[in-house]
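Colleague: Could you walk me through this one? I have a few quick questions.

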Amino acid sequence: MSVRAGREFLAIPGPTTVPDEVLRAMHRPAVDIYSGPLLALTDGLLKDIARVFNTTGRAYIYISNGHGAWEAALTNVLSKGDKILVLESGRFAIGWGESARRMGVEVEILKGDMRRAVRPAEVEARLKADKGKTIKAILVAQVDTASGVVNDIAAIGQAVRAAGHDALLMVDAVASLGCMPFNMDEWGVDVAMSGSQKGMMAPPGLGFVVANDRAREVHKKAGLRTPYWDWTDREGDQHYQKYAGTPPEHLLFGQRQALDMLFAEGLDNVFRRHQLLAEAVRRAVGIWAEGQAIGFNIIEPSERCDTVTAVLVNSGRNPEALRAYCNEKCGVILGHGIGELSGKAFRVAHMGHVNAPMILGTLSVIEMALNALEIPHGKGGAQAAIDWLGQQVKA
Ligand SMILES: *Cc1c(COP(=O)(O)O)cnc(C)c1O
């Protein structure tokens, strides 16, 4: 027997639920690529992408996923043989660094681990030791989607300044943009990147990069530049140059609608909604953890992010059986553990177009699975989430 008929709920950390309004905005014929409305759409999107990153810097829109935006960011400011420092806190900054390495960049990893955030003091110490200023850029993820950690980008920016170092600070905001604040200029971030398919509530296919003046100055001498990713080409007067070819019209229509929805809700409210729903998930996991078989991957509560929670399932218990139950019996798709957490964890995404019924329903389904699979757990996790959310959201 299953109870999965009806709409499937995707609780994976990307792609996320695409709102019906966004799907409808895309369901239309293609338009002339040389006419006014499309040009105005591009101008508005470039302005509003910079707005969500909170920067007066320049925005670029690529037809790509996050991996493409990684490459766009790197090729525009680095040259072969340059050295960069990658701040480890999970998988994603490491992956970004790996693509730099394959392009001929020398990569040093500031050792971290899968269960905690980057320590700004360690960043400062490493940069102070770089007397010859050989490090050209620092790569870090705001949220690492594999571990479920949130890094304090403001404090890392502060650490870079305290070290008196001039390396570019480059931030991956794929799993955080549109879900929590990103104050690029205030934090001293030089280059940031993201994608359309997570907190930005649109289908996969758009990559976003923003760069400040300092980064655009460094760009002039970057040796890794290629025709498709190049910022200078994309700053040309002709509209087609903005996309290095045909604009991804339908994705642009969809992203426009998604941004309109985010702005209509108000970004502060959007961020608060994410905080509340994330905390509801954490309340539930906290109760389940009393049974000893499951627990949080991120040890320090303040380092748990508001967009995805990685839940460890102790040895002898199979997280894949739990994921299969949730999917096949109830139509809820949870994320699997990746990297070191492969086969040892599941992940619950709470990013983008999510509301209380989606999250409370997901938690209830996980609790059904814990019962059905006889995985030891504290009872009443979903109830704890309901109680807490009800206290926060007053009549
Ligand atoms: C999803 C994700 C990426 C990769 O994005 P793709 O669109 O899958 O290429 C990069 N960084 C972070 C933090 C992510 O969560």
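**Notes on the model**

Colleague: Is Ala125 buried or exposed, or something in between?

Modeller: Ala125 is partly exposed, because its relative accessible area is 47%, and that class lies between buried (under 20%) and exposed (over 50%), with a 1.4 Å probe and protein chains only. This is a predicted model, in which local features need pLDDT of at least 70, side-chain atom pairs count only at pLDDT 80 or more, and totals for chains, interfaces and linings use all residues. Residues are numbered from 1 along each chain as its sequence is written, and side-chain values use heavy atoms, with hydrogens and water left out.

Colleague: Which helix holds Ala125?

Modeller: Ala125 is in helix α5, residues 120-129, where helices are DSSP runs (H or I, at least four residues) numbered from the N terminus.

Colleague: New topic: at what angle do α10 and α11 pack?

Modeller: Helix α10 (residues 249-265) packs against helix α11 (residues 267-288) at about 90°, and their axes are 5 Å apart; axes are lines fitted to C-alpha atoms over the stretch in contact, and angles run from 0 to 180 degrees between N-to-C directions. The pair is therefore roughly perpendicular, a class that covers 65 to 115 degrees.

Colleague: Which residues meet there?

Modeller: From α10, Leu262, Phe263 and Glu265 meet Leu267, Asn269, Val270 and Arg273 of α11, contact being heavy atoms within 4.5 Å.

Colleague: And how much area is buried between domain 1 and domain 2?

Modeller: About 2400 Å², with carbon and sulfur atoms giving 64%; buried area is the accessible area (1.4 Å probe) that two parts lose on being put together, summed over both.

Terms used
Helix = DSSP H or I, 4+ residues; strand = E, 2+ residues; numbered from the N terminus. Parallel < 35°, antiparallel > 145°, perpendicular 65-115°, else oblique.
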